[in-house]
Amino acid sequence: MNKTWITYFLIFIPVLFYSQIQTQTTELYIPGKSSSVSFNLENESTADRNFTTEIQTSDASIVSILQNNTLHLSNKERRVFLVPVKISAETKAGKYTIDLILSDTKSGEKIQYTEEIRIARKKEINLELLEASEFVKAGDSFTTKFILKNIGNTSEKLILESKEAVLDLKDNKLTLQPGESRIVSVIKNTNISQEKIEIENISLTVASAELLSDKLTSYSTTTVIPVKPITADIYHRLPVYASFSFVGMQNRGEYQDGFQGEISGKGSLTESNNHLIEFRALSKNPVEFNSFTQYEEYFVNYKYKFLRLHLGDKNYTSSFLTDYARYGRGAEINFDFNKVSFGGYYTKPRFFRDITEEFNVYSKYKIRENSFITAGYLYKVFNPRQQNSPYLYNSDFAHLPYLNSEIELTKNLKFSGEYSFSKGQNSDGTAFMVQTQANFKFVSGNVMYTKASPQYLGYFNNTDMLNANLQVKISKNLSLMGNYTKDAKNFQRDTLFLAAPLRNYLSYGLSYRYSKTGSITVNNGFQRYKDRLEPRQFDYSENFYRLSVNQNIGIFQISADGQIGRTENFLNGFTGTSSFYSANVGFEKFKTSFNIYGSYSLTSRYQEKNQQQIFYGARIMSRFSDKSFLSIFYQNNYLPEEYYKDRNLFELVYQQKLSKNHIIDFAGRYTLQRGDIGKKDFLYSVKYTLMLNIPVQKTAEYASLSGNIKNLGVEKVSGIKLMLGTYLSVSDARGNFEFKNIPPGDYFLEIDRTSLPLDYITDRPTPVQITLVSDRDNIFNFGLTKASGIKGKINFTDHSENKSISKKPNESLILEVKNGEDVVRKMVKIGEMFSFTYLRPGEYNVKVYRNGLDSRFKISQDLFAFEISAEETKDISINISKKQTDIKFQKESLKVTYNDKKASK
């Protein structure tokens, strides 16, 4: 029993396998290639039979190579019959049928076999440059043409893009059927005010709408010749600005006005940029100085390799602890030798009467990149008239040695610090500062601590100061933040400015970015604010909670804040709540930015409990042209804590560039000056600026260009107008021309076509780029001859026997005419005339490109070479023909069989 089942199973396996192979009738065929279709034939009769064969296809683009044949089948014979077919490249993807019809030569009986084939989808796009301008004048537009062809067998939806120019299409989209081609024009406008020769790179990118990442790009370049070129300069020049202002001010009830002049410059004294200089001379301000006016200043800076010099006014700095920023008039010298640098300065402070003069020297050693150590010494002389002040501690002078360093421990961790001590006439003191900065992937922060003893005679004294911030990135969108600030109580700032309120501030919270355009921040904290002026306007401590939201919606940037806190008022001895709500909206449109602000508060910080404050304002900034700028600002009031600044209530600023080197500015402001609470002052100014370029070094001599126009068979070579940039010359009776006193540089030599007959042409391509050099003779010769041409026709002839597809192909060929540097291309439809005119005489090659022409058609000759004489028009003929199908038969038929013997037991 078991043997019987095993025998049946062994017989059944090959039957199953063979049946599966036979049922797989649909095969995948590649368009544009020849292939074969197999038919399983069987003679079921007991007699031999002879047949004639006929092949039919369901589409004319699929052609059987084997048209008629005879077939012999023996009795009971099985055979695989192969039918070779040629599939056109344009055959669309899909299912098709091939019919094999057998006709019995004796009985006339017809037997039909049908096989189904499937044509594969072929996606292929070809993009090539067809035509581009070599030269174009500034201010003109030029067109670059590309040829785009679908050489696949399926319809293609394409998206076209050119980043540099404009496409000659309605919506930058088009659909190409199989075999269809399209000329795409890209139009570029040039700037007529262009001053130098520029190269315009034009690109066309084509992407499939189904797969945007699948892109194809073609490029071209065109040289743009300026019609108003900038005159080359043989001098190296230093940019210098000279201005003249009239300023008026209503200053605390008193009106002041007057004129103020300024001259300044910055640049190099040599073409090699070795000697750098900067200077400024600003006359005395006719009104009181504030944030919106300028104070008298004179200085000059010079730098050469390792040497830096300064003479005049500036903020002089020795070190953070000794004198952080002391504006004065003096001199400074520095030497920098890469590893080691040293220098010093002498100055007389202008806005701090307690100090009459300072002297500083230092030496700096570079340990490695971003790491150094500095040792220095500062000597101060105090004003004897101020010896009774508590700050000076009855000292006439102070010695302040200091040591500071900055060390980069790792790429993410940096340490810096400073130590200094002071020795005065009757007192000694010390101070130090340490700082650590860390910046890691998930954690970043900074800590800085400063402490100065009561009798330290540096910038700080009798104070300690701490600044710290920390940010921890919990996740991609969530961060933990915290910062702490404790201000210095005592520091010797210039009297030019007021000090900010004394502040002790702590804040910590979470920030969450809920989308790419929005974030929310929640903070809790403590702040202590104390007015430094007398009488005090505020003195309070406050615990608070704050919520901030930032959101972008289209062109709008929106931010909103809300804060509520418990305030203890030390000024008036009461406790209450303080709440603040503010919103800000900004957007930009029409080259103008708009910003609107508003806030409401109900506080217990100041003179009254539950005091209401409403603030609002707006700013508009517009650059509505390259030469015009306008800014308008308004804000109704400011917080009392901002008393130390000059505050704008209303501002109008307008700047107009009259020409390349002339600018005029108008400004008007209502302000609250430093320390004032409610008294408004008015300030206005009119300023004219002249931009100069003063020659400081002669870099080259003038150059000249001469040449001759050779007569190559024309009536005359005299009176020909030539242009070299903005320079003109006219040829004499012998064709000689000359340009004199031209600055060296790159130019284009052009011929004014209005001075030539229509059929005249140069023997060399023009315009031509010429580089003029001052220390040699610049010579350029060329000739004039008469233009030639090429014309002809593309003919079509069909020699094939099969007329089912014998119609003339509706396609275009690309013709390329080349003569050395000259290349001209055209697309010409089969059966049409063509012509190339205005060609210079010489040897030419005419190349015929198939442009995706079906392989069933052949070009009898695709390359022509000949010489054209002046005034000659060459006539050529291009012949396209349908290929004759050549079928070769084997002497003996091919028999394909398989073993049909039954399995033996």
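Where does valine 287 lie? I found valine 287 in the loop between strand S20 (275-282) and strand S21 (297-304). Strands here are DSSP runs of E with at least two residues, numbered from the N terminus.

**Ground rules**

I am working with a predicted model, where local features need pLDDT of at least 70, side-chain atom pairs count only at pLDDT 80 or more, and totals for chains, interfaces and linings use all residues. Residues are numbered from 1 along each chain as its sequence is written, and side-chain values use heavy atoms, with hydrogens and water left out.

**Entry: valine 287**

Valine 287 counts as buried because its relative accessibility is 6%; buried means under 20% relative accessible area, exposed over 50%, and partly exposed in between (1.4 Å probe, protein chains only). I then listed its contacts, meaning heavy atoms within 4.5 Å. Leaving aside neighbours within four places in sequence, valine 287 touches Val247, Gly248, Met249, Gln256, Asp257 and Thr293. I also checked asparagine 251, which is 36 residues away along the chain: its C-alpha atom is separated from that of valine 287 by 8.1 Å.

**Entry: the sheet with S53**

Next I traced an open sheet of four strands, ordered S56-S53-S60-S58, with mixed pairing. Strand S56 (833-839) and strand S58 (857-859) are at the edges with a single partner strand each, so one side of each has no neighbour in the sheet. From one strand to the next, the twist averages 20°; the axes behind such angles are lines fitted to C-alpha atoms, and angles run from 0 to 180 degrees between N-to-C directions. Strand S53 (residues 788-798) runs antiparallel to S56, and five bridges join them. Within this sheet I noted glycine 792 standing opposite phenylalanine 834 in S56.

**Entry: the sheet with S48**

Which order do the strands S46, S45, S48 and S50 take in their open sheet? I read S46-S45-S48-S50, with antiparallel pairing. Strand S46 (727-730) and strand S50 (768-772) stand at the edges; each has a single partner strand, so one side of each is left without a neighbour in the sheet. The twist averages 30° from one strand to the next. Five bridges pair strand S48 (residues 745-751) with S50 in the antiparallel sense. Here leucine 749 faces valine 768, which is in S50.

**Entry: a nonpolar patch**

On the surface I found a nonpolar patch formed by Ile614, Tyr616, Ile620, Ile632, Tyr634, Phe650, Leu652, Tyr670 and Phe682, with about 770 Å² of accessible area together. My patch rule takes residues with over 30% relative accessible area and no salt bridge, joining nonpolar side chains (Val, Leu, Ile, Met, Phe, Trp, Tyr) within 5 Å and like charges within 9 Å. The areas come from the Shrake-Rupley method with a 1.4 Å probe; for residues, only the protein chains shown count as cover. Strand S39 (611-625), strand S40 (628-635) and strand S41 (647-659) are the elements that give two or more residues to this patch. S39 supplies the largest share, three residues. Phenylalanine 650 lies in S41, and at 32% relative accessibility phenylalanine 650 counts as partly exposed.

**Entry: salt bridges**

How many salt bridges does a search of the whole structure find? The search returned 37, each a side-chain nitrogen of Lys or Arg within 4 Å of a carboxyl oxygen of Asp or Glu.

- Lysine 486 and aspartate 464 meet through their side chains at 3.2 Å, N to O. Lysine 486 is in strand S32 (residues 478-486) and aspartate 464 in strand S31 (residues 463-473), so this pair ties together parts 22 residues apart in sequence. Lysine 486 is partly exposed at 27% relative accessible area, and aspartate 464 is partly exposed at 22%.
- Glutamate 871 and lysine 786 form a salt bridge whose closest N and O atoms are 3.9 Å apart. Glutamate 871 sits in the loop between strand S59 (863-868) and strand S60 (873-882) and lysine 786 in strand S52 (residues 782-786), so parts 85 residues apart in sequence are tied together. Glutamate 871 is exposed, with 54% relative accessible area, whereas lysine 786 is buried, with 11%.

Key
Two strands pair if DSSP finds at least two bridges between them.
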